Amino acid sequence: MNKDDHKIDADDRTVFDVLNERKYTVDYFQREYSWKQKHIEQLVTDLTSTFLDVYTEGDSRGAVEHYSNYYLGPFVVSSKNGMKSIIDGQQRLTSLTLFLIYLNNLQKGPGGKESIEPLVFSEKYGKKSFNIQVEERKPCLEKLFLEGNYDPQTDDDESTTNMARSYSDIGEAFPEELKGKAFPYFLDWLKYNVILVEITAYSDDNAYTIFESMNDRGLNLTSTEMLKGYILSRFKEAADREKANRFWKEAIQNLHGYSKEEDQKFFQAWLRSQYADTIRQGKAGSSNEDFEKIGTQFHSWFRDNLGKIGVKADSPDEFRKLLHEEMKFYLRAYVDILEAQMEEKSGWEQVFYHCNWGIADSLGFPLMLAPLKSSDSPEMTRQKINEVARFMETFAVRRSINFRKFGASSIRYTMYSLVKELRGKDLDSLRSVLRSKLAEMPETWDGVGEFRLHGMNRQFVKFLLARITGFIEQQSGATANFSTFFVSPGAKPFEVEHIWSDKFDEHRDEFEQKHEFDNYRNRIGDLVLLPQGTNQSYGAKSYREKVQHYLKENLLVKSLHPKTYESNPNFTGMAQRLRIPFRHHETFGKADIDERQKLIRRICEVIWSWPKP
C-alpha cells in the first residue's frame, strides 16, 4: 500500500456538488435501503422548515445565496480507479435522490423548467444512468422518474420496496405552501445551501476505519446533551445535580435501547404535547413557531420559554419537580407507547394498529401524550393513550378509504391545534372531543363504495383487509388476530389476492372495455388475504373451482362458501349479533362484488364506530 492509499480528504459539498453528473456505487457492505416514514418525514420537515424560516415572499432569486445553510451530515466514499463507492451515507443520499425525483415530477406541469435531472441521472457516451448505481433498483427509479409511481413486485428486494414507499411518504410530507411561488427558491436553496461533508478514503481499509469510528463515537453535542447541561446547571447543590444526572443518564440509556435518536424524539413529543403554544401558519414566508422550533432545536426553545414550561431559572425546586415528577411520568408513558408499537398486546391494541397505519410519529406521539397528567394512574394513562390512538387510526382509515392524504404536511396545523385542545382532559371529556372531531370529518364510509386497489395503496389495502379479517376471526372466537394476517410472525406472509382471475374474456358479458374490468377487479369487494403462494396454485381457475379451496382459509374468505354457514354457531352468531350481512355466493359477478363492497363497509362501520356518550 503506497502513501496515497492512506490519504483522506474531507470537503464541504453542496447537494449540487455531490450529485450533479457524478456517479456512485453502493458498497456491498452497506445494508439495504431501510428508511421508514419517520425518517423521510424528519428529512423533508427539517429541510422545508429551515427554508421557510428564512424565505420571504418578494425576495429576488439571488437573495437565496444569502439564506442560511443547512448541514445534512457527512458521508464516506472509497475512491478507486476513478469510481466512488458509498461506504456510509447511502440511506441519506438515496432518500435525497428520491426527494429530487419527487421535486422534478412536481414541476412537470406548465411552467416547470428548473434543472433537476442532472442531479438524478447523467449521460456518458450516449448512455443514461442514475447517479447512484444499483442495478436492482433501476426499474423502480425509472418508473418513479418517468411516471411518479412504482408498484412493488413480489420478487423485488427490500430496498426497492422501501424506496417505493419512501417516495410516497415524501409526497405526504412535502408542504403545500412550497408548491407555488416559493418552489424555485426552495430548489435553489436545496441545491446550493444544503451542505454535506464528503469524506474520501483511497483504500477500503481506511474507508471502513472511518465508517466504524463515525458510528462508534460522536463528537458533536446533541440537543439532548445541551438541554441536560442547562437543566443540571439550575441545581445549586451537588447532591441534587448528581441525582439529576443519574436519572438523566438512565433515562437516555433506556431510550437509546430503542434507537439512537429516541431521546430527541421523546423530548420533541413531550415538549410539544404539554407546552408548545404557537404554530407556523401554512403559507410561504411564515416564521417557525413553538411546534416547529421544538422539532429543530428543542434545547434552545426550552431555555427561551421557561414561562410556558412553568419554571423559573433560579428555582431548583421547580426544576426538581419538572425532572423527577413530570419528565419521569411522560418518559414512562412514552416508553409504554414504544413497547405497544412492537406487538399486539391486550389493552394496547389500538396503539399497535395505529403504528401500522396512522398519523406520523411527529404528530402521533404529542397527541397521545397531550391528555395525560402526571397524577394519572397507569390504568388511566393506558386508557387515554388507547383512545387517542383509536381516533388517529379511524382518522387515517377514513381518509385513506376516500383517497385522501394524511401526511404530516397536509394535517400538521389541524393536529397540532388538537394537541392543545386535548391537554389535561379527563377520559370522558377526551372521548367527547375526539367523537366530535370524527363527526366533523367530511370523509365518510360512503367512500368504501368506490374503494379499490391501485399502484400506490397496496400496503393500506393489506392493512385494511388484515384489520377486517382479524376482527371477524376474534369476534367468532378464533385465536387469529390482526398480527396473524399483517405481520404473520413465524409463518408465510399473507398477500392481497383477487377473487376474479385476470381473464377479461370471461367477463365480456358484463364489461365492454378491459379498463372497466380491471377497475372492478381491483375493488375491495374482490380482494382477500391468502398465505403467500396459495393463490398462485389456483389463481387462474374459475370462481367455482376456487371457492372449494377457500373453505380452508380465514373466515372472510370462507364466507363465500355455503358450508361456512353450517354447524358454525360462533361465526353465524357473530354475524347476527353485529348485524353484518354475510352470505355465500354460488357465482361471483359484478353484482356480487358490489354486494361484498357493502359488506366491507358494514364491517368498517362496526370496527371503527365511536361509542355514544
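**Close-ups from a predicted model**

**View 1. The buried residues of helix α5.** In α5 (residues 138-147), the buried residues are Cys 140, Leu 141, Leu 144 and Phe 145. They sit on the same side of α5, because the arc they cover around the axis is only 125°. Just after α5 comes Gly 148, which has a positive phi of about 80°.

**View 2. Asn 104 in helix α3.** Here we look at Asn 104, part of α3 (residues 90-106). Buried or exposed? Asn 104 has a relative accessibility of 4%, so with the cut-off for buried at under 20% it counts as buried. Its side chain makes a polar contact with the side chain of Gln 107, at 3.2 Å. Setting aside neighbours within four places in sequence, Asn 104 also touches Ile 116, Glu 117 and Phe 145. Phe 145 is one of the buried residues of α5 from View 1.

**View 3. Glu 32 in a loop.** Glu 32 sits in the loop that runs between β2 (24-26) and α2 (37-54). This residue is partly exposed, with a relative accessible area of 33%. Which residues does Glu 32 contact, leaving out those within four places in sequence? They are Gln 90, Gln 91, Asp 157, Glu 158 and Ser 159. Take Ser 159: it is 127 residues away from Glu 32 along the chain, yet their C-alpha atoms are separated by 5.2 Å.

Note on methods: Residues are numbered from 1 along each chain as its sequence is written. This is a predicted model: local features need pLDDT of at least 70, side-chain atom pairs count only at pLDDT 80 or more; totals for chains, interfaces and linings use all residues. Side-chain values use heavy atoms; hydrogens and water are left out. Helices (H or I, at least four residues) and strands (E, at least two) are DSSP runs, numbered from the N terminus. Buried means under 20% relative accessible area, exposed over 50%, partly exposed in between (1.4 Å probe, protein chains only). Contact means heavy atoms within 4.5 Å. A polar contact is a pair of N or O atoms within 3.5 Å; within protein, one must be able to donate a hydrogen and the other to accept it, and residues adjacent in sequence count only if both atoms are side-chain atoms. The arc is that of the directions from the helix axis to the C-beta atoms.
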